[in-house]
Amino acid sequence: MDTSLQPVATGLPANEEHGHPDFRLFGLATFLVADGMTFAGFFAAYLTFRAVNPLPEGAIYELELLLPTINTVLLLVSSFTFHRAGTACRCGRMQTSRRWLLLSVALGIAFLAGQMVEYFSLPFGLTDNLFASTFYALTGFHGLHVTLGVICILVVWFQARPGGSISQDSHFGLEAAELYWHFVDGIWVILYGILYLL
Amino acid sequence: MTVANPLELEPGLQPQGWLRYLSFSLDHKVIGIQYLVCGFLFYLIGGALAGVIRTELASPMSDFVGRDTYNEVLTLHGTIMIFLWIVPVVNGAFGNYLIPFYVGARDMAFPRLNAVAFWLIPPAGLLLISSYFLAGAASQSGWTAYPPLSLTTPAAGQVVWILSVLLLGGSSIFGGINFIATVLKLRRPGLKLMQLPMFCWAMLGTSILVVLATPVLAGTLVMLSFDIIAHTGFFNPSLGGNVVVYQHLFWFYSHPAVYIMVLPAFGLVSEILPVHARKPLFGYTTMVYSIMAIVVLGLVVWAHHMFTSGTPPWMRLFFTIATSFIAVPTGIKFFNWLATLWGGKIALNSAVLFSCAFIFNFVFGGITGVALAQVPFDIHVHDTYFVVGHFHYIVYGGSVFVIFASLYHWYPKFTGRLLNEDLGRLHFVLTFIGFNLCFAPQHWLGLNGMPRRVAEYDPSFTTWNQVSSVGALLMAISTLPLLINVVLTAFRGAVAGDNPWNALTPEWLTSSPPPVENWIGEAPLVTEPYAYGEHPGGFDLERISGRDLWSSGKS
């Protein structure tokens, strides 16, 4: 139980540095729209290549489905665990929140490890053919996002320690990381659909 | 109105005096001026490069610079003028300076992000220019960087070019996020969206385009750099890649980029004309819907740049129709400006002269634009000087004329002093004659088949090319009265007072220059920014003329 004195609730978000409510989450959402457009450009390029550029004879582009499916489940579960972390934080159960955060980190790292295993087991390299290049560009760019997300969660986990800057009343960092993490998961679902299933 | 001393408001938090313009200042007004001055310095560099191009083209042979150097010069000219002059100045400079005033705020929504966005620009610009000296050769593939040309020209310069454009794109996206949050979220309580000055709508529309389109360019350029550095084959036909995909992705950004350059100019003109015509802005609601229609249509017309790229017939049909549709909202805006001027007591000062010239130039560029949207005509003039002429009528005759108009209009707000009108009119006459002399003949040259981006041409084109070069010389000379004007009046100009134009928009309802947090006390609630001649506390159109206001502000 947190028994320290809390400031009187004003009905406004805690950060009022410039004398107005906190719009940082709105700004982050706008940025994620922009980031999503980068992926949309990659997806459009991939789909066009697929439609109009025949691969050379003997090019391998059949992908193993088991590992990426496990990875998809890992990411979806991590979205759920992060959501639980956020809920726990908003209810003031910081210890529970931190445990859910650690679990999310573990799932994120497991996803990255799975991605690495897949990379090393694939029979083609970055420059082998157009499909290979696009495959590595798409999954690599997404993996970069996951890596950044894992780092963000670790930072949030550290800040949510007792006496840290994230608490029940001030948790912008946690909410921002949560929004970002859900975004990265959503992108993976689309990516999984068009890269592995289509 | 009392002149506030900024030192009393925020002691010691930020550097004062001219030093703050070199600092990581969070004040939106300082950042706006930083954008403006930085952009103008790059304009001078880009203009010098244009001078090299026109000198080379004064004769049909490649004699002034080498062919490779010519390619580097035209690439740097285009990139600098678009990414370091027009986009940062119409968005960054005037947007940052004016938007917080217009929404009744004390700063932008994210002041630190704002400063970061500005400070990405000087390093990116220096990086770009340094590639000419350091990397052996600057990029030679034009501002479009089409593969396979960009894959076969010297790699180092091309990679530096990509890096620089990525930085500038990032800066642009950060700015766009800031403008969207400021206009939508930071409005003074009681101020409705449909009561905002038109420039806010223009910046909102522009920022939506920036946020949706710029990331696609960024992703594309990353893929291009992979092709150059890692020898992947995304856009390399010899490795199974597809160059047309690059063109689609590139123009998905770069057609909206034209609106990113010209929509803010629409907004600025809509602010300037009512003030100096002493009339309300005509058709406010249709102006708002026109801007939003241009934003939506602007995202679905990109392939009209690619009619000669093996585009299938259905695609040609769709993009011709979509592009022609853009003439409708643009035409609405054009007639609204005319109706705003109609019957007004127009003060023919430099700001209005440049604004009216903008309307003239832009209509001409718009007409050639509609012509270019038609496939049969476009195939005839594709990649000729007709396109160069059309493009410069939009971005120079459109955006740059508005930048100058805005400078004359808001300089008193920036500095508290008026620019000299005689030098201003000289600047206008030289720019207007020089501009039309330079770019009008290029339409004729293009119709006759002179290709663009080539240092040599058929000798039968010599006369009109020399006329064009004389026009470019006049444009170069026209910069001198402006520079002299700014330097002289900064110290010795007529004191403007707080509101020399008797304007009603919020930025004039404070001191000139404004205090650090824009207003002493509460921000005014301006619900009718264009209520000239009809507002009870405003001005009687029957009794006072714009010229009277102009001379009263001068004294």
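Visitor: Which residue just after α15(B) takes a positive phi?

Guide: Just after α15(B), the residue with a positive phi, of about 85°, is Gly416(B). This is a predicted model, in which local features need pLDDT of at least 70 and side-chain atom pairs count only at pLDDT 80 or more, whereas totals for chains, interfaces and linings use all residues. Residues are numbered from 1 along each chain as its sequence is written, and chains are lettered from A and ligands numbered from 1 in the order in which they are written.

Visitor: What does a label such as α15(B) stand for, and where does this helix bend?

Guide: Helices (H or I, at least four residues) and strands (E, at least two) are DSSP runs, numbered from the N terminus. A bend at a residue is the angle between axes fitted to the seven residues ending there and the seven starting there. Helix α15 of chain B, residues 385–415, bends by about 45° at His409(B), and a proline, Pro412(B), follows within four residues.

Visitor: How many of the residues of α15(B) are buried?

Guide: A residue is buried if 20 or more other C-beta atoms, placed from the backbone, lie within 10 Å of its own, exposed if 12 or fewer do, and partly exposed in between. In α15(B), 26 of the 31 residues are buried, so this helix is largely enclosed by the rest of the structure. Helix α13(B), residues 350–373, is mostly covered, with 18 of its 24 residues buried.

Visitor: At what angle do the axes of α3(B) and α15(B) cross?

Guide: Two packed helices are described by the angle between their axes and the distance between the axes. Axes are lines fitted to C-alpha atoms, for helices over the stretch in contact, and angles run from 0 to 180 degrees between N-to-C directions. Here the axes of α3(B) and α15(B) cross at roughly 35° and come within 11 Å. On the side of α3(B), the contact is made by Ile86(B), Val89(B), Val90(B) and Phe94(B), and α15(B) brings residues including Val395(B) and Ile403(B), where contact means that two C-beta atoms, placed from the backbone, lie within 7 Å. By class, these residues divide into 7 nonpolar, 2 polar and no charged; Ala, Val, Leu, Ile, Met, Phe, Trp, Tyr, Cys and Pro count as nonpolar, Asp, Glu, Lys and Arg as charged, and the others, Gly among them, as polar.

Visitor: Why does Pro88(B) count as buried?

Guide: Pro88(B), which is found in helix α3 (residues 67–103) of chain B, counts as buried because it has 27 C-beta neighbours inside 10 Å. Leaving aside residues up to four places away in sequence, Pro88(B) touches Tyr35(B), Gly39(B), Ala93(B) and Ile121(B). Pro88(B) and Leu168(B) are 80 residues apart in sequence, yet 9.0 Å apart in space, C-alpha to C-alpha.

Visitor: Where does Arg188(B) lie?

Guide: Arg188(B) lies in the loop between α7 (155–185) and α8 (198–229) of chain B, and because 15 other C-beta atoms are within 10 Å, Arg188(B) is partly exposed. From Ile173(B), Arg188(B) is 15 residues away in sequence and 24 Å away in space, C-alpha to C-alpha.

Visitor: How many residues of chain A are in contact with chain B?

Guide: There are 28 residues of chain A in contact with 30 residues of chain B. The largest share of the side of chain A that touches chain B, 15 residues, comes from α1(A). Chain A itself has 5 helices and 0 strands.
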